[in-house]
Amino acid sequence: EKVDAYLRPQLLPGAPQAFFQSVLQLLPPDVDAITQRYPSINAPALLIWGAGDPLVPPSIGQRLHAALPNSRLEIIPGVGHAPQEECADITLGIIQKFLASNR
C-alpha cells in the first residue's frame, strides 16, 4: 500500500519533470545566505529526525538545531527517513508536547 501510495502520483503526466525540478531546488543557489540568517530566527522550531535516516543523517538535524536558537531536536531511535509513517504515534506525541509547551 505504501509503495502504491508513493508510486501512483509519479505516474501522472508531468510527474517526472516535477520531481526533477524539486530535486534541483533542494539546495538553492543562495543557501549560504539563507543559513547565515538561521540564528536570527526566534520562532519555535521542532525538528524530528530518525536516528537511522539514510537520506538526511541526524548530524544535519544537529547542525540545524545548533543554528536555530529556539529549536528542539527529537531524534527517534530505530527510525529512518519518515518518522511520521514509521512511528506515527511517537511522532504525534512529540508534536503534541511541542505545541503544548509553546502556547
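**Close-up views of a predicted model**

**View 1. Glu74 and its salt-bridge partner.** With a relative accessibility of 22%, Glu74 counts as partly exposed in this model, which is predicted. Its side chain meets that of Arg72 in a salt bridge, with a separation of 2.7 Å from N to O. Arg72 is likewise partly exposed, its relative accessible area being 22%. Side chains of opposite charge can pair when their charged atoms come close. The pair qualifies because the rule asks for a side-chain nitrogen of Lys or Arg within 4 Å of a carboxyl oxygen of Asp or Glu, and the separation here is 2.7 Å. Counted by this rule, the total comes to 1 salt bridge.

View 2. Thr91 belongs to helix α6, which covers residues 88-101. Is Thr91 buried or exposed? With a relative accessibility of 7%, Thr91 counts as buried, because the class takes in residues under 20% relative accessible area. A polar atom of the Thr91 side chain lies 3.0 Å from the backbone oxygen of Pro83.

**View 3. Val56 in the loop between β1 and α4.** Val56 sits in the loop that runs between strand β1 (45-50) and helix α4 (58-67), and its relative accessible area of 28% places it in the partly exposed class. Which residues does Val56 contact, leaving aside its neighbours within four places in sequence? They are Trp49 and His81. Although Val56 and His81 are 25 residues apart in sequence, their C-alpha atoms are 7.2 Å apart in space.

**View 4. A nonpolar patch on the surface.** Phe19, Val23, Leu26 and Leu27 together form a nonpolar surface patch, to which about 450 Å² of accessible area belongs. One of these residues, Val23, is found in helix α2 and counts as partly exposed, with a relative accessibility of 38%.

**View 5. Leu11 in the loop between α1 and α2.** Leu11 lies in the loop that joins helix α1 (2-10) to helix α2 (15-24), and at 65% relative accessibility Leu11 counts as exposed. Pro54 lies 43 residues from Leu11 along the chain, and the C-alpha atoms of the two residues are separated by 25 Å.

**View 6. The whole chain, as context for the close-ups.** The chain contains 6 helices and 2 strands, which follow one another along the sequence in the pattern α-α-α-β-α-β-α-α. Its radius of gyration is 16 Å, well over the 13 Å that the globule rule gives for 103 residues, so the chain is more spread out than a compact globule. Taken along the principal axes, the box filled by the C-alpha atoms is roughly 40 × 35 × 25 Å. Of the 103 residues in the chain, 19% are buried, and the chain exposes about 7700 Å², of which carbon and sulfur atoms supply 61%. Among contacts between residues at least 6 apart in sequence, 64% join residues at least 24 apart.

Note on methods:
Residues are numbered from 1 along each chain as its sequence is written. This is a predicted model: local features need pLDDT of at least 70, side-chain atom pairs count only at pLDDT 80 or more; totals for chains, interfaces and linings use all residues. Side-chain values use heavy atoms; hydrogens and water are left out. Buried means under 20% relative accessible area, exposed over 50%, partly exposed in between (1.4 Å probe, protein chains only). Helices (H or I, at least four residues) and strands (E, at least two) are DSSP runs, numbered from the N terminus. A polar contact is a pair of N or O atoms within 3.5 Å; within protein, one must be able to donate a hydrogen and the other to accept it, and residues adjacent in sequence count only if both atoms are side-chain atoms. The radius of gyration is taken over C-alpha atoms; the globule rule is 2.2 Å times the number of residues to the power 0.38. Contact means heavy atoms within 4.5 Å. Accessible areas come from the Shrake-Rupley method with a 1.4 Å probe; for residues, only the protein chains shown count as cover. Patches are made of residues with over 30% relative accessible area and no salt bridge: like charges are joined within 9 Å, nonpolar side chains (Val, Leu, Ile, Met, Phe, Trp, Tyr) within 5 Å.
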